[in-house]
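Hi everyone, thanks for coming.

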Amino acid sequence: SERGSWGHPNFVAGNKTFVTFEQFDGRPSIAFRLGQSDIDRFSRDNHFFVTPYGRGQWLSLWVDPTFDWDLAKELVITSYRLVALKRMLVALEAQS
């Protein structure tokens, strides 16, 4: 579900945030909660930056002017799976 807080939309699974839309230095971005291996893999790409909060568990993607929507979708699902409750994961698999 979506919750507005800190002045921007956040998306939560249960009570845990897994994606947020925000701006840094006037540029739009999407922040994803990810595992360390994904953070290490994507942080080398200049379309990403380490999110300045979240104890190193978040990575942000610049979304101006162009970016890969398929990759964003993959990261949303990866992030969701990281924080979702077991029953939520079962429901997600049933939709696939």
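This is a predicted model: local features need pLDDT of at least 70, side-chain atom pairs count only at pLDDT 80 or more; totals for chains, interfaces and linings use all residues.

Residues are numbered from 1 along each chain as its sequence is written, and side-chain values use heavy atoms, with hydrogens and water left out.

So, how many salt bridges are there? The count is 4, taking a salt bridge as a side-chain nitrogen of Lys or Arg within 4 Å of a carboxyl oxygen of Asp or Glu. One of them pairs Asp64 with Arg27, with 3.1 Å between the closest N and O atoms. Asp64 sits in the loop between strand 6 and helix 2 (69–83) and Arg27 in strand 4, so this pair ties together parts that are 37 residues apart in sequence. Helices here are DSSP runs of H or I with at least four residues, strands are runs of E with at least two, and both are numbered from the N terminus.

Next, Arg41 and Glu74 meet in a salt bridge at 3.9 Å, N to O. Arg41 belongs to helix 1 (residues 36–42) and Glu74 to helix 2, so parts 33 residues apart in sequence are tied together. Then there is Glu93 with Arg81, whose closest N and O atoms are 2.6 Å apart.

Now for my glutamate: which residue is buried yet has no salt bridge? That's Glu22, in strand 3 (residues 16–24). Buried means under 20% relative accessible area, exposed over 50%, and partly exposed in between, with a 1.4 Å probe and protein chains only. The nearest side chain of opposite charge to Glu22 is Arg27, 13 Å away; for charge, Lys and Arg count as positive and Asp and Glu as negative, leaving out His and the chain ends.

Finally, the angles. Asp25 is not a glycine, yet its phi is positive, near 50°, and the residue is exposed at 79% relative accessibility. Arg55, also not a glycine, has a positive phi of about 55° and is exposed at 77%.

Thanks, happy to chat!
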